[in-house]
Amino acid sequence: MFSSKASEPGVNNFRKLKINHYFCGLQKFNQAVMTYFEKVKKIADDIQKLIGDFQPEVGLITGTGLGDIVNEFELVKRIPYGEIEGFPVSTVQSHAGEMVFSTYKGVKIVTMRGRLHYYEGYSMKEVTLPVRVLKELGVSRLFISNVTGSVNPDYEMGDVVFIRDHINMMPENPLRGKNIEEWGPRFPDMKYTYNPEWNATGVKEAKALGLRVHEGVYVALPGPNLETPAEYIFMNKIGADVVGMSTVPEVLAAKHMELPVLVFSLISNKCFPPEAIRETSVEDVISVGASRSPLLQKMVCRLIETIK
């Protein structure tokens, strides 16, 4: 028979476990009932505590091949997505999954090394949460890059395309649901989403570096499978120039908040005409991104300096 004294440590430990379990459950409950607006605000506040009085001016969302641009900047702080409570984590092979705060020639920058995609299983509100957070942190200019397939027969692998318009074929819209008036209107107009003057600057800088460059229309599909030849033909016929699985949700959230965007695509594979289509792997896409990375980094550095 055990004495009561001998059992006290076990009882106390059991009580501690129950208390810890209660508070963990309460924290999860609070997170569950927190509104999307409150969640974004809290994440932005938590990040701000980590970076002090640093307020980024430029936000970069980097696609495949551009993440290493942070090596050109003066580092202030790195924060992996997994260390930010409530922040979704990127699962894509070529995406580092971290926020990097830095400066370049006096400009304060926050770089998202890796984005979130609908095909990863996230809702559109989760996919665009980082854009909301960037705006709350004070970002006033957002540069977005991606890797795409071309459905314009004049575009070749390795070309750069500055996006002048888009076609949204995603099955969900990040603005669906109750509108948050603090961020923007119920029905944002999309006519002036892409800035022609910023695009002209981008085209000029890309040409100066010897890149083949165009302006074009981006069509967004959910993925993760690449499209069929029939789908590529359809996209060409409806006026698209490049096709990808990201970006448009980010642009919609940015436009809703009146956050100006500059978007450019690196073409990783030629998808039109049908006889030009080749089977494409993730490794192929990463390889094209790596081959153009040095020039793209130089181009973006020049854009950070010139676009105000």
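Predicted model: local features only at pLDDT ≥ 70, side-chain atom pairs only at ≥ 80, totals over all residues.
The protein chain has seven helices and nine strands, and 49% of its 308 residues count as buried.

**The chain as a whole**
- Take the contacts with a separation of 6 or more: 82% of them come from residues 24 or more positions apart.

**Helix H2, residues 36–51**
- H2 runs for 16 residues, and at 1.5 Å a residue that should give a span of 22 Å; the end C-alpha atoms sit 23 Å apart, so the two agree.
- Its buried residues are Tyr36, Val40, Ile43, Ala44, Ile47 and Ile51.
- Look down the helix axis and those buried residues fall within an arc of 95 degrees, which means they line one face of H2.
- As for partners, the buried residues of H2 pack against strand E2 (74–80), strand E3 (98–104) and helix H3 (124–136).

**Cis peptide bonds**
- Glycine 223 and proline 224 are joined by a cis peptide bond, with omega about 5 degrees.
- You'll find proline 224 in the loop between strand E7 (213–220) and helix H5 (229–237).
- Phenylalanine 272 and proline 273 are also joined by a cis peptide bond, with omega about 5 degrees.
- That proline 273 belongs to the loop between strand E9 (261–270) and helix H7 (282–306).

- Lysine 105 has a positive phi, near 50 degrees, and lies in the loop between E3 and strand E4 (107–113).
- With a relative accessible area of 61%, lysine 105 is over the 50% cut-off, so it counts as exposed.
- Glutamate 258 has a positive phi too, near 55 degrees, and its loop is the one between helix H6 (248–256) and E9.
- The relative accessibility of glutamate 258 is 52%, again over 50%, so this residue is exposed as well.

Definitions and conventions:
Residues numbered from 1 in each chain as written. Heavy atoms only, no water. Helix = DSSP H or I, 4+ residues; strand = E, 2+ residues; numbered from the N terminus. Expected span 1.5 Å × (residues − 1). Buried < 20%, exposed > 50% of the residue type's maximum accessible area, 1.4 Å probe, protein only. Arc of directions from axis to C-beta. Contact = heavy atoms within 4.5 Å.
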